[in-house]
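Hi everyone, thanks for coming. Have a look at the screen, and then I'll walk you through a couple of spots.

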Amino acid sequence: MCGLYCEECKMKPATVHITQIHDGQKTEMHLCEECAAQKGTHVLKFDNYFSLPKLLGSIFGQEVPVMGEIAPTPRIRVQNCPKCGMSFQQIGQIGRLGCSECYTTFEQEIEPVLRRIHGNTKHAGKVPRRAGGKFELKQMIEDLKKQLQAAIKREQYEEAAELRDKIKELEKKTGEERG
């Protein structure tokens, strides 16, 4: 225990610590739970029922009911992963995916969660320097292939031929040219 007492009642230990920054000025308050509630401060309680899987489950839309409450009806389609047999509800309960196939099976449910957590659904991590040039070339080739497919769909064959030639030229540089 930190030894601080509530700044309001000065009788109970301060268990709620609030730091506010307004116009560059920092103010701190140390309150007991009751005084914090009277001031209208929302307190997150980490009771005996708190666990990381429950936290992750809530992120995945699997709300964990409080004692005495009825569990909410899941908002997801009922389906199990064909590889590991896990359901999305089980993923929410344990807080992790069962296998790599779960990403594909539950793509519709996972994508909004990943966007909310990471801001994107495509990993854009660092590339080692020694592999950087080759990696960038591969990325460029992949982008050009997508553009090529789009040009073919639009029936713009001249553009498609130019893109095909660029792809072949880049593939020569990476040593991945296919016949």
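So, how many residues does α7 have, and how far does α7 reach from its first C-alpha to its last? α7 has 18 residues and reaches 25 Å, close to the 26 Å expected at 1.5 Å a residue; that expected span is 1.5 Å times one less than the number of residues. By helix I mean a DSSP run of H or I with at least four residues, and by strand a run of E with at least two, numbered from the N terminus.

Quick housekeeping. This is a predicted model, where local features need pLDDT of at least 70, side-chain atom pairs count only at pLDDT 80 or more, and totals for chains, interfaces and linings use all residues. Residues are numbered from 1 along each chain as its sequence is written, and side-chain values use heavy atoms, with hydrogens and water left out.

Back to the helix. In α7, Ala 160, Leu 163, Ile 167, Leu 170, Glu 171 and Thr 174 are buried. Buried is under 20% relative accessible area, exposed is over 50%, and partly exposed is in between, with a 1.4 Å probe and protein chains only. Seen down the axis of α7, those buried residues fall within an arc of 105°, so they line one face of the helix; the arc is taken from the directions from the axis to the C-beta atoms. The face turned away from that buried side carries the exposed Glu 158, Glu 162, Lys 172 and Lys 173. Just after α7, Gly 175 takes a positive phi of about 80°.

What does Ile 167 touch? Leaving out residues up to four places away in sequence, Ile 167 touches Ile 141, Leu 144, Lys 145 and Leu 148, where contact means heavy atoms within 4.5 Å.

Now the other end of the chain numbering. Strands β1 (residues 16–22) and β2 (residues 25–31) pair in the antiparallel sense over seven bridges; pairing takes at least two DSSP bridges. In their hairpin, with two residues between the strands, Asp 23 takes a positive phi near 55°.

Which residue in β2 is the bridge partner of His 17? That's His 30. The side chains of His 30 and His 17 also make a polar contact at 2.7 Å, meaning N or O atoms within 3.5 Å, one able to donate a hydrogen and the other to accept it, with residues adjacent in sequence counting only if both atoms are side-chain atoms. His 30 is buried, with a relative accessible area of 17%.
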